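Visitor: I am new to this structure. Please take me through a close look at a single part, and then show me what surrounds the story.

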Amino acid sequence: MNGVASVDLHWSGDGYAAISGDLLEWLQKLDRCFLAWAKTLGAKEHRFPSLIALESLAPIAYLKSFPHLATFASCGVRDDSALRAIAANTGDLSNDWLDAPRHLLTPAACYHFYHRLAGSEIDGPLFLTTKCQCHRREEYYLPLQRQWCFEMRELVCIGDAGAIDRFTHHCAERISTLLRQLRIDATWQTATDPFFDPAADPKALAQLLEPTKQELCLSGGLAIASSNKHRRFFGECYDIRLGGKPAESACVAFGLERWLFAMFEAHGADVSEWPQPGSEL
């Protein structure tokens, strides 16, 4: 499995992993560390479903930018003949048997927040956090590195420019301390999202001209975290206001399985020998 081996890791070639035992316990400690950071900011934790409505993502035209990454959710048509055909078929399903999808499987954890806050006025910086199972279709999959289904912990700030800068700086300092503690070698690099048609999408150009997305990358280029300043994009799209003006926002995201890969790469397969993430961070 590309250098990653553990009795507590079970990989499906379809792009997802099952994690148990010592490996899961270590990952839960890491996530508790991220959650503790969020709570020092006063962040409220949220839990969201795996589904997100297409209409919730319409204000940001998600499918225009990322149709290639989307995983659609659908159900059998409520028609006896279609349901009988589904029941009798154990292989490929015909599109004629399925309802037109109205939902995606969540592609990024923070998207739930902006729809929930749409049309609201906040009276000061708002800090939020959630952990979601996220889904992105990729051209290929590798265990713990590039998965169709993966866990994402996100810390989110919605406020003014000063609050956004303080938030991202605070998170960067905590991440630096964690990297030293875990003895992981990673550096921040300017990045852009994998837009479907970058040449025709102004958001892709904007990220390169005025870098707002930074990825924390291992030596091989794999990103294990990202820091994203959205400026007023979500505030304008969802009409989230602060002081009567569109609020700014930022998120810091952690791909949890990728942190496991970083530990395998740095310290080998014996989890009992790994450094432990500490709450003092």
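Guide: Start at Gly42. This residue follows helix H1, and its phi is positive, near 85 degrees. Keep in mind that the model is predicted.

Now step back into H1 itself. The helix covers residues 21–40, which makes 20 residues. From first C-alpha to last, H1 reaches 29 Å, close to the 28 Å expected at 1.5 Å a residue. Which residues of H1 are buried? They include Leu23, Trp26, Leu27 and Leu30. Asp31 is buried as well.

Next, go to His112. Its place is in helix H5, residues 111–116. Is His112 buried or exposed? Its relative accessibility is 9%, so His112 counts as buried. The cut-off for buried is under 20%. Set aside residues up to four places away in sequence, and His112 touches Phe48, Pro49, Leu51, Ile52, Thr106 and Cys132. With Thr106 there is also a polar contact: the two side chains are joined at 2.9 Å. Ala53 and His112 are 59 residues apart along the chain, and their C-alpha atoms are separated by 9.6 Å.

Move on to Gln147. This residue sits in a loop, between strand E8 (126–135) and strand E9 (149–159). Gln147 has a relative accessible area of 5%, so it is buried. Its side chain has two backbone partners to look at. A polar atom of the Gln147 side chain lies 2.8 Å from the backbone nitrogen of Leu144. The side chain also reaches the backbone oxygen of Cys149, at 2.9 Å. Beyond four places in sequence, Gln147 is in contact with Trp11, Gly15, Tyr16 and Ala17, among others. Further contacts of Gln147 include Arg136, Glu138, Tyr141, Leu142 and Glu257.

Last, look at a pair of helices. Two packed helices are described by the angle between their axes and the distance between the axes. Here the pair is H6 (residues 161–182) and H9 (residues 256–267). Their axes come within 11 Å and cross at roughly 40 degrees. That angle makes H6 oblique to H9. On the H6 side, the contact is made by Leu178, Leu179 and Leu182. On the H9 side, Trp259, Met263 and His267 take part. What kinds of residues form the contact of H6 with H9? Five are nonpolar, one is polar and none is charged.

Notes:
Residues numbered from 1 in each chain as written. Predicted model: local features only at pLDDT ≥ 70, side-chain atom pairs only at ≥ 80, totals over all residues. Heavy atoms only, no water. Helix = DSSP H or I, 4+ residues; strand = E, 2+ residues; numbered from the N terminus. Expected span 1.5 Å × (residues − 1). Buried < 20%, exposed > 50% of the residue type's maximum accessible area, 1.4 Å probe, protein only. Axes fitted to C-alpha atoms, helices over the stretch in contact; angles between N-to-C directions. Parallel < 35°, antiparallel > 145°, perpendicular 65-115°, else oblique. Contact = heavy atoms within 4.5 Å. Nonpolar A, V, L, I, M, F, W, Y, C, P; charged D, E, K, R; others polar. Polar contact = N/O pair within 3.5 Å; in protein donor to acceptor, adjacent residues only side chain to side chain.
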